[in-house]
Every structure is written in C-alpha cells, then in structure tokens.
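Me: I would like to go through the packing in this model. Could we begin with what counts as a contact?

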Amino acid sequence: MDIHQLQIFANVAECKGFLAASKKMHLSQSTVSTHVSALEHELGKKLIRRTARNFELTEDGVKLYKYAVDILLLHRKAIMEVGGNGSEFLRIGTSSVPAQWFVPTILSGFLKKNVNTQVEMTSADSLDIIRRVKEGSLDIGFVGTKVEKQCKYIPLIKDHLVLAAPNTKKYQKIFSGESDSGESDLRQILEAPFLARRQYSGTMKEALGSLKYFGIEEEDLNIIATFDSAEMLRDCVEAGMGISILSYQMIRELHESGKILIYRLPEKEFCRELYLIYKNESFLPEIVKKFIHYTEKCFREEF
C-alpha cells in the first residue's frame with residue numbers, strides 16, 4: 001500500500017465512481033480501477049461494491065477511507081513543514097450561491113498575490129462541502145448553512161431567499177396579491193408546482209427551516225421535481241416548470257431582465273448567512289491561514 005494508491009482510492013470514494021475520479025486526477029479509468037483492485041488484493045478485502053447502477057463503499061471501504069483521509073493529511077503536513085518545492089496547494093469547496101456570487105473574485109485576487117499557490121476547486125452541495133472539510137479532504141469551504149461543530153464558521157455576508165416564478169400571466173396573477181407577511185398568501189402561492197433542491201443543499205435546508213416558522217412543512221409543498229443543480233433548477237423556473245425558493249443572487253439578472261418574477265419573503269425569516277469554513281484543529285497550513293485572512297479582508301473592504 002502506498003500514498004498514491006490511497007489518494008486514488010480516496011478520490012474514487014469522494015467522487016462516487018471510477019470515471020469521475022479518473023477525470024479529476026487526469027488518469028485513465030483503467031489505471032484508477034487497477035490501483036483500487038491492487039489495494040483490495042493486498043488487503044484481502046472488498047472495498048467497493050459495484051453494480052451497473054449503484055456505487056457504495058463496503059464496511060471495510062468506509063474504514064479505509066477514514067484512515068486514508070488522515071494519512072493523506074499527515075503526508076501533506078509533513079511535506080509543507082519539512083520539504084516542498086516552494087509551491088503551495090489549497091483545496092477549496094464551494095456551494096452554488098458563493099460560486100456564482102463572490103468566490104471567483106476572491107480566488108482571482110488571492111492567486112495574483114500568491115503566485116506559487118495551486119488551487120483545486122470542488123463544487124458540491126453545502127452539506128457535502130461541510131462533510132469533506134470535517135474529514136480533511138478539503139481545506140476551505142464556502143457554504144450556505146451551519147450544522148457541524150467540528151468546523152469553524154466565519155460569517156461573510158447575508159443572503160436573502162426569495163420565491164421565484166416564471167414571468168407568465170398565471171404567476172403574475174398569483175403574485176399580484178403579494179404581501180410581506182401574510183401566511184395565507186404564502187400558502188396559496190406554494191400550492192403551485194414546486195421545484196426543490198435535494199436535501200444536501202444549504203438553500204433547501206434553510207428554506208424549509210424558514211417555512212416551518214409559518215407552519216408550512218415539506219410535505220405541504222406540491223413538489224414535482226428535485227434537482228442536484230441550482231443552475232438547472234433556476235433554468236427550469238425560467239422555462240415555466242414551476243416555482244422555487246432560491247437565493248436572490250442566483251436569479252437577480254433574470255429578475256432584472258423581466259424573465260423571472262419574485263415574491264419577496266420576510267427578510268427576518270428568509271435571510272441566511274453565507275460562511276467560510278475550515279476544520280477546527282490546532283494545525284492549519286500557512287497557506288490556509290493566508291486565504292482565510294485575505295477573504296475576511298475582502299469582505300471588510302469590498303463586499
């Protein structure tokens with residue numbers, strides 16, 4: 001067993017498949033599969049249960065993945081503290097709203113000031129980013145919800161959630177009775193076909209929590225479709241499929257151009273924080289500290 005094998009196995013586990021892992025690591029799928037098979041042969045254990053439709057780690061695979069994350073993190077720490085060629089590596093994960101709103105600006109500015117830094121970017125839902133930061137496979141995360149005590153959360157900016165609908169006569173009529181606080185109005189609107197993000201989404205988690213304030217549960221919604229991608233969900237709202245609760249930043253341009261209607265939900269209940277997160281531990285690589293400091297400075301001065 002060597003570091004390279006563990007790195008490949010960890011990537012397969014995180015990407016939930018050989019093809020996705022091979023693309024991420026710029027290796028052939030057969031190379032990735034060969035290394036994992038060699039690891040299974042050496043350990044005498046099946047690590048991955050593969051079928052035509054499903055991919056999952058076995059019980060032994062889950063155990064090895066946890067060890068692999070710790071070993072790879074220690075390996076990285078050793079190189080950064082003792083050796084290295086002058087370049088630094090930063091692994092960043094972001095959910096959809098920060099990715100569209102401010103992460104590109106932050107990242108571009110940081111890399112101009114730190115020219116020897118290499119960045120690996122990952123896009124995923126908030127809860128997945130939080131899990132990976134907690135496990136150590138990501139150094140930094142940008143997320144739209146707060147759930148994990150093992151991570152340190154730095155509030156960056158407030159994000160207002162709104163009800164978005166296609167700009168059609170049907171929804172113009174429904175929205176014409178809009179009020180800022182009427183529970184009956186909100187219930188009437190939510191009888192329309194509803195497009196939802198999957199449960200790992202920070203936007204969905206915060207939206208459902210806010211709706212409970214008005215006595216509205218998830219089962220009260222007329223959910224007709226669930227999406228992994230916030231961008232696809234937004235596009236389906238624009239196309240007329242139904243309504244959804246989205247970050248205003250996700251649909252601002254479409255709203256300003258008249259392609260999407262919005263129903264402004266009460267800001268007190270439907271306003272959330274967007275966070276920068278990192279693992280709450282004594283050792284933080286210097287490059288991670290630099291990035292945290294730079295991001296906080298940007299939000300104090302620019303956003």
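Reply: Contact means heavy atoms within 4.5 Å. Please note that this is a predicted model.

Me: Which residues of α1 meet α3?

Reply: From α1, the residues H4, Q5, I8, F9 and V12 take part, and they meet V32, H35, V36, A38, L39 and E42 in α3. By class, the residues of this contact divide into 7 nonpolar, 3 polar and 1 charged.

Me: At what angle do the axes of α1 and α3 cross?

Reply: Helix α1 (residues 3-15) and helix α3 (residues 29-43) cross at roughly 110°, and their axes come within 9 Å. Angles of 65 to 115 degrees count as roughly perpendicular, and α1 and α3 are therefore roughly perpendicular to each other.

Me: And how do α11 and α12 pack?

Reply: The angle between helix α11 (residues 230-238) and helix α12 (residues 248-256) is about 30°, with the axes 11 Å apart. The crossing of α11 past α12 is right-handed.

Me: Which residues meet there?

Reply: A230, E231, R234 and E238 in α11 meet M250, I251 and L254 in α12. That contact comprises 4 nonpolar, no polar and 3 charged residues.

Me: Changing topic: how many residues does the largest nonpolar core have?

Reply: It has 40 residues, and F102, I140, F142, L276 and F291 have the most contacts inside it. Helix α13 (residues 286-301) supplies the largest share of this core, 7 residues.

Me: What does F102 touch, leaving out residues up to four places away in sequence?

Reply: With those left out, F102 touches F142, L156, I157, L274, F299 and F303. Another core, of 24 residues, lies apart from the largest one and includes L161, L190, A192 and L261.

Conventions: Residues are numbered from 1 along each chain as its sequence is written. This is a predicted model: local features need pLDDT of at least 70, side-chain atom pairs count only at pLDDT 80 or more; totals for chains, interfaces and linings use all residues. Side-chain values use heavy atoms; hydrogens and water are left out. A nonpolar core is a set of buried Ala, Val, Leu, Ile, Met, Phe, Trp, Tyr and Cys residues joined through side-chain atoms within 4.5 Å. Buried means under 20% relative accessible area, exposed over 50%, partly exposed in between (1.4 Å probe, protein chains only). Helices (H or I, at least four residues) and strands (E, at least two) are DSSP runs, numbered from the N terminus. Axes are lines fitted to C-alpha atoms, for helices over the stretch in contact, and angles run from 0 to 180 degrees between N-to-C directions. A crossing is left-handed if the near helix is turned anticlockwise from the far one by less than a right angle, and right-handed if clockwise. Ala, Val, Leu, Ile, Met, Phe, Trp, Tyr, Cys and Pro count as nonpolar, Asp, Glu, Lys and Arg as charged, and the others, Gly among them, as polar. Angles under 35 degrees count as roughly parallel, over 145 as roughly antiparallel, 65 to 115 as roughly perpendicular and the rest as oblique.
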